[in-house]
Amino acid sequence: MDDPRTVLLSVVANVERVILGKTREVRQAVIALVADGHLLIEDVPGTGKTMLARALAVSTGCTFNRIQFTPDLLPSDVTGVSVYNQKTQDFEWRHGPVYSQIVLADEINRATPKTQSALLEAMEERQITADGVTRPLPPPFMVMATQNPVEYEGTFPLPEAQLDRFLLRIHLGYPDANDEVAVLEGQQQQHPIESLTPVTSPEEVREIHRVTRDIWVDPQLKQYAVQLVAATRSHEAVYLGASPRGSLALFRCAQASALLAGRDYVIPDDIKALAHAALGHRIILSPSAQVRNQDARTVVDDVLERVAVPGARAAS
């Protein structure tokens, strides 16, 4: 395998041919893939959420399926179904779209809770159980889900158990004027996704998963990540803080961030840079904080100020 950092930077550069002006968000998506986690992309329509998923799948050579979540979508439409074959006089299993390496769950909050829950086992255990048979999903397996944070009519908010299974939550946002002009010019003849080619393979991605787990994390930094998560639980504006899965998310993402930066060790900035994306969606604000229009980002900012970085003084 080539140098892991070189491979990851080539993936980032390849995706940025499609998603312009969003280097930080593209890097976070690659970090989620490298850390073997799932990604929730929350933004208004037309900002490139679907294209980000497609570009990442093409760049890594992974198989890709898109599931359009709607209120009438059934769990079997996601996982698969047994079909009776008259020739063999037996039931045959037909894989659903979840049987892919990168799965785009588009507008995931438009499906009913029963259908949303069809992804729970797949996201946590990388397998699907149906008709009493457990079927493993092809590695590397990643769910990239999108949802519109503005339009709530006809939607079913994701339960906390499912939100907690997303390693990171990112927001793409609108491009600036220059990048938007570049988008117009780039799509004048055809969409850049049509000419995108793989720069790595699923096998290399799996190897990078193993390399990432070997990145050194000092015990003090492990303690720092745990203290950040614990601080969200005791914050006065929080009803329910981040779970231990949040600590693990910070830990894994920090390792992936260090690898992407070309280091074989984690520094505090790796943890701080990913705190919002890793913890924001795991925090439930108290009713009084919601009345004051506080949000999870404010809480994470406050926690980062309060908890002392190893080797530094805490903010007064």
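Biologist: Is Thr-60 buried or exposed?
Modeller: Thr-60 is buried, because its relative accessible area is 1%, where buried means under 20%, exposed over 50% and partly exposed in between, computed with a 1.4 Å probe on protein chains only. This is a predicted model, in which local features need pLDDT of at least 70 and side-chain atom pairs count only at pLDDT 80 or more, while totals for chains, interfaces and linings use all residues. Residues are numbered from 1 along each chain as its sequence is written, and side-chain values use heavy atoms, with hydrogens and water left out.

Biologist: Okay, and where is Thr-60 placed?
Modeller: Thr-60 is in helix 3, which covers residues 49-60; helices (H or I, at least four residues) and strands (E, at least two) are DSSP runs numbered from the N terminus.

Biologist: Which residues is Thr-60 in contact with, leaving aside its neighbours within four places in sequence?
Modeller: With those neighbours left aside, Thr-60 is in contact (heavy atoms within 4.5 Å) with Val-11, Leu-33, Ile-102, Thr-200, Ser-201, Pro-202 and Val-205.

Biologist: What about helix 2 and helix 3, at what angle do they pack?
Modeller: Helix 2 (residues 23-34) packs with helix 3 at an angle of about 55°, and their axes are 11 Å apart; axes are lines fitted to C-alpha atoms, for helices over the stretch in contact, and angles run from 0 to 180 degrees between N-to-C directions. That makes helix 2 oblique to helix 3, since angles under 35 degrees count as roughly parallel, over 145 as roughly antiparallel, 65 to 115 as roughly perpendicular and the rest as oblique.

Biologist: Which residues meet there?
Modeller: From helix 2, Val-26, Ala-29, Val-30 and Leu-33 meet Leu-52, Leu-56 and Thr-60 of helix 3.

Biologist: Changing topic, which peptide bond is cis?
Modeller: The bond from Pro-139 to Pro-140 is cis, with omega near -10°, and Pro-140 is in the loop between strand 7 (133-136) and strand 8 (142-147).

Biologist: And what is phi of Asp-36 near?
Modeller: Phi of Asp-36 is near 60°, a positive value in a residue other than glycine, and Asp-36 is found in the loop between helix 2 and strand 1 (39-42). Asp-36 counts as partly exposed because its relative accessibility is 28%.
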